[in-house]
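I opened my notebook to look up a few spots in this structure, one at a time. Come along and check each entry against the picture.

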Amino acid sequence: MNRYVVNEQNVKLTGRGMWDEDDIYWCALSGSGFECHFKGKEFIIALAGDNAAEIPANDGNWARYAVYVNGIRTTEGLLDSIVKKIPVITGSREIEADIKFIKLSECAMSTIGIYPIECEGEVTPLPAKPLKLEIIGDSITCGYGVDEYDPNINFKTATEDFTKAYSYKTAKLLDADVRAFSISGWGIVSGFVNSPDEPQKTEQLLPPYYTKLGFSYQKFDDRDGLAPQDISWDFLKYVPDLIVVNLGTNDNSWCTGHEDRYELYTAEYAKFLGTVHECNPTSKLLCVMGIMLDEIYPYVEKAVEMFRAQTGFRDIHTLKLTPHDGTLGYGADWHPSPATHDKAAEVLTAYIRKTLGLTV
């Protein structure tokens, strides 16, 4: 059997990640994993679970993943053990296939480690797409609850699927590579609160972690005690042509009815755009709001104008998406349904093609 470490030399990486001393590739964010071309008879993926995998009956937090062979999902599951082996291809006849492993659930709940690939055959990276996207957002971008059709049911990682979110679907429509940096419930100035009378939730702010590998409440393993937020990210590893920012839905829960809070959001949003631009100086920027609500959209526009005035950078745009109204259904906790994500992806794709001139 041959052994291929999951790195840039052997596969195309599809998210932020890091390697430990055992050559395990740890990934956290929605959509992270790898893609490769395989020629041979046998291909096995072995997964390493983080601290979440050690907790019995933890199906609300176990990492969810899927494997695709030639574009068809052949395996999906929840990482409920420290080690899990997935026999992707078995047989006595040599075949050729494109293989994709993707983390469907978000970083906060759990992460996934990938051992070196074991195979009888040859593994090579798939080529990069001509267009590269990054999507920065919250639960909507993660595909929160998209596989649940009762809005009164609460979140589980088992019902979260990044491939059914507008973010991934937009990339598919554009034939683009995409990486997401998204955490459910988090915002620019406050995480989600049930009422603006509740205290500001400053422990759930996304901007401080954007320069990191991600954020998780779990450690990769007990040996080194590292979590994604302990690892700085090298932005030269992936240079997006366009970065879409969709943040404000959670902030609105705390800001609503308070102009001073909206003004704080505006200033902090502009500051975050400065960070994103500094880390990705050649990338176009697009700030979107909607899908679940659009009340805060005017302050997104104000933040963009503030950012333009502060930096002189002009290649930044805004787009308001239509909030869902239930006619296309809901997911868990009143989140967007697959049909709503489809609609948003179509609008976003058309805007990118027409207004930004980014086509394939």
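**Entry 1: a serine in a loop**

I started with serine 190, which sits in the loop between strand E13 (177-182) and strand E14 (242-245). I kept in mind that this is a predicted model.

Is serine 190 buried or exposed? I found a relative accessible area of 0%, so serine 190 counts as buried, the cut-off being under 20%.

Next I looked at what surrounds serine 190. Leaving out residues up to four places away in sequence, I noted that serine 190 touches Gln200, Lys201, Gln204, Leu205, Asn250, Asp251 and Trp254. Its side chain also reaches the backbone nitrogen of lysine 201 at 3.0 Å.

**Entry 2: the sheet**

I then traced an open sheet of five strands, in the order E13-E12-E14-E15-E16, with parallel pairing. E13 and E16 are the edge strands, each pairing on one side only. I read an average twist of 20° from one strand to the next.

Zooming in, I saw that four bridges join E14 to the parallel strand E15 (residues 284-289). Here valine 244 stands opposite leucine 286 in E15.

Helix H6 packs on the sheet and touches E14, E15 and E16, with its direction at about 145° to that of E16. Helix H5 (residues 297-311) lies across E15 and E16, running at about 175° to E16.

**Entry 3: a tyrosine in another loop**

My last stop was tyrosine 330, in the loop between strand E16 (316-320) and helix H6 (338-355). Its side chain reaches the backbone nitrogen of glycine 326 at 3.2 Å, and a polar atom of that side chain lies 3.4 Å from the backbone oxygen of aspartate 325.

I also checked glutamate 148: its C-alpha atom is 8.1 Å from that of tyrosine 330, though the two are 182 residues apart along the chain.

Methods
Residues numbered from 1 in each chain as written. Predicted model: local features only at pLDDT ≥ 70, side-chain atom pairs only at ≥ 80, totals over all residues. Heavy atoms only, no water. Helix = DSSP H or I, 4+ residues; strand = E, 2+ residues; numbered from the N terminus. Buried < 20%, exposed > 50% of the residue type's maximum accessible area, 1.4 Å probe, protein only. Polar contact = N/O pair within 3.5 Å; in protein donor to acceptor, adjacent residues only side chain to side chain. Contact = heavy atoms within 4.5 Å. Pairing = 2+ DSSP bridges. Axes fitted to C-alpha atoms, helices over the stretch in contact; angles between N-to-C directions.
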